[in-house]
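Here's a quick tour of the inside of a protein, and of a few charged pairs too. Have a look at the structure first.

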Amino acid sequence: MPQPLVMYFTVCILNMVERLHDIHVVHADIKPDNFLLGERFLENKCFEPENMDHGLVLIDLGQSVDMELFPEGTAFTGKCLTSGFQCTEMLSGKPWNYQTDYFGLAGTVYCMLFGTYMQVTNEGGVWKTNGMFRRNPHSDLWQDFFHTLLNVPDCSSLPDLQSLRCKLTSVLQQNYSSKLPSLKSRLVVLLLENRRATRR
């Protein structure tokens, strides 16, 4: 996926996850399959980072957890059964709450950047993806993004998603805002062509 679209979708997803977490809801199943692109995707011509009217929708709240139903500071130790979607806390046997969403967010963005599912390894206590960012024009930005989401110290030291979103928004607006409308249109054409091809 072209870099401007990855940044655009990442900013939108960060905004959605921030809003969910603001009302103390853990989605617990964030992955590429749980996003839909609606009609408003093309209607939103300009890029306004605070605008939720961007046409991208996060679905399937069947695994979600309302943290308001638990005492403050509650953490979990259970593991999801799909190995590729276990957050780093699950992999290392540490308690988790919102971290599962950070991992899902990182995995979704990774899939847009590289076209494959994310795999992680622990090197000297630091979780890293298997992605190579050397040829990416914004490699430092993306490496910081993944490091922040995969290496959460504990359940009471959660990352600032708004800060990540603001960094991405700044790069997006400075470098790509004029390219977004045509890229969005092209993506829709490709999706429609792919849909027609699979129906034959």
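Which members of the largest nonpolar core touch the most other members? They are Val109, Trp142, Phe145 and Phe146, out of 54 residues in that core. A nonpolar core here is a set of buried Ala, Val, Leu, Ile, Met, Phe, Trp, Tyr and Cys residues joined through side-chain atoms within 4.5 Å. Keep in mind that this is a predicted model, where local features need pLDDT of at least 70 and side-chain atom pairs count only at pLDDT 80 or more, while totals for chains, interfaces and linings use all residues. Residues are numbered from 1 along each chain as its sequence is written, and side-chain values use heavy atoms, with hydrogens and water left out.

Among the elements that give two or more residues to this core are α1 (3-22), α4 (99-114) and α5 (139-150); helices are DSSP runs (H or I, at least four residues), numbered from the N terminus. The largest share, 12 residues, comes from α1. Leaving out residues up to four places away in sequence, Val109 touches Val6, Thr10, Trp142, Phe145 and Phe146 (contact means heavy atoms within 4.5 Å).

Now for the charged pairs. The count comes to 4 salt bridges, each a side-chain nitrogen of Lys or Arg within 4 Å of a carboxyl oxygen of Asp or Glu. Here are some of them:

| Pair | N to O distance |
|---|---|
| Glu18 and Arg165 | 2.4 Å |
| Lys31 and Asp29 | 3.8 Å |
| Lys167 and Asp144 | 3.1 Å |

Glu18 sits in helix α1 and Arg165 in helix α6, so this pair ties together parts 147 residues apart in sequence. Glu18 is buried at 12% relative accessible area, and Arg165 is buried at 3% (buried means under 20%, exposed over 50%, partly exposed in between, with a 1.4 Å probe and protein chains only).
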